[in-house]
Amino acid sequence: MKLPFLKVVLFFCLFSQYIHAQDITDTPEKFTAHNKGKFYFYWGGNRTSYTNSDINFSGNGYNFTLSDVEAHDKPKGWQVDYVNPSRMTIPQTNARIGYFINDHYNISIGLDHMKYVMNQNVTVNMNGYIDLPASDGGSAFNGIYNNVPQNLSEDFLTFEHTDGLNYINIGFARVDDFSKYLGIHNTDVFQVNITEGVDGGVLIPKTNAKVLGKQRHDDFHVSGFGVSAKVGLNLTFFKYFFIQGELKSGYVDMFDIRTTYDEADRATQHFSFFERVISFGAIFKI
């Protein structure tokens with residue numbers, strides 16, 4: 001009499017295990033569980049600080065260096081220009097598109113559209129010479145300079161990369177889901193990620209410079225290279241949409257800056273920058 005009873009118990013045990021396995025199999029996997037194969041893009045804005053730099057200006061009849069030149073960015077604040085297609089490159093903006101090669105690592109290409117403005121009407125030390133013809137308006141500054149204080153007045157020099165200091169770069173970044181450490185279980189509703197990475201690329205500024213009264217060039221020109229590192233916090237909502245804040249520090253070497261329409265006129269400088277970026281984006285699979 002015991003054998004049929006044992007068979008029934010065994011049957012129910014096997015059946016319950018089968019049902020449990022089916023429940024696990026039928027549970028849909030969260031979209032946010034894996035990143036491999038996903039694309040993302042974002043658009044946002046930045047505030048940027050710059051270290052002081054020595055700037056050399058050279059051309060026919062002059063070659064001089066200004067020491068420890070200070071500069072600032074040119075913010076426009078939060079406004080509709082960020083989403084107006086005809087004006088969205090006027091503010092300081094950041095754009096990036098990327099692809100996850102696995103769950104943690106992604107490669108991307110981006111544009112950091114910063115703005116660099118030399119501080120005007122301040123005094124710096126100047127070394128070099130200016131020897132322009134008397135018919136040239138800049139001849140008023142003719143002379144030999146050896147650590148001579150020079151006021152950066154508008155008739156002497158204006159210098160800015162305001163359309164802009166364009167850093168076009170390729171990036172490699174890591175992303176880690178931090179949600180479980182915050183007690184967040186349904187990451188398809190809300191997810192917290194930490195990201196860090198490195199970038200490298202070229203500088204293509206549109207430099208607005210007026211050197212010794214000469215006509216400015218003000219066209220896009222490949223002027224140097226840059227490298228940078230970044231760390232960020234990514235908040236993803238409803239699987240597909242995110243807000244990302246980043247801190248980025250980098251170095252640029254601009255060894256070929258066009259200043260006037262005379263091919264001989266050039267400027268060089270190198271400096272470090274520190275960006276604070278807020279972006280809005282989306283992540284998806286094709």
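These legends go with a set of close-up views of a predicted model. Local features are shown where pLDDT is at least 70, side-chain atom pairs count only at pLDDT 80 or more, and totals for chains, interfaces and linings use all residues. Residues are numbered from 1 along each chain as its sequence is written, and side-chain values use heavy atoms, leaving out hydrogens and water.

**View 1. The largest nonpolar core has 33 residues.** A nonpolar core here is a set of buried Ala, Val, Leu, Ile, Met, Phe, Trp, Tyr and Cys residues joined through side-chain atoms within 4.5 Å. Buried means under 20% relative accessible area, exposed means over 50%, and partly exposed is in between (1.4 Å probe, protein chains only). The members that touch the most others are Phe-57, Phe-64, Leu-66, Ile-130, Phe-156, Phe-159 and Leu-212. Among the elements giving two or more residues to this core are strands S2 (53-59), S3 (62-69), S9 (157-177) and S14 (266-284). Strands are DSSP runs of E, at least two residues, numbered from the N terminus. There's also a second, separate core of six residues, including Tyr-40, Tyr-42, Phe-100 and Ile-283.

**View 2. Zooming in on Phe-57 and its contacts.** Skip its neighbours within four places in sequence, and Phe-57 is still in contact (heavy atoms within 4.5 Å) with Tyr-62, Asn-63, Phe-64, Leu-66, Leu-157, Phe-159, Val-211, Thr-259, Arg-266 and Ala-267.

**View 3. Asp-199 pairs up with Lys-230 and Lys-248.** A salt bridge puts a side-chain nitrogen of Lys or Arg within 4 Å of a carboxyl oxygen of Asp or Glu, and the structure holds twelve of them. For Asp-199 and Lys-230, the closest N and O atoms are 3.2 Å apart. Asp-199 sits in strand S10 (residues 190-203) and Lys-230 in strand S12 (residues 224-237), so this pair ties together parts that are 31 residues apart in sequence. Lys-248 also bridges to Asp-199, with closest N and O atoms 3.1 Å apart. That pair joins strand S13 to strand S10, 49 residues apart. Asp-199 counts as buried at 6% relative accessibility, Lys-230 is buried at 10%, and Lys-248 is buried at 1%.

**View 4. Glu-263 forms a salt bridge with Arg-266.** The closest N and O atoms of this pair are 3.7 Å apart. Glu-263 is exposed, with a relative accessible area of 54%.

Definitions and conventions: Helix = DSSP H or I, 4+ residues; strand = E, 2+ residues; numbered from the N terminus.
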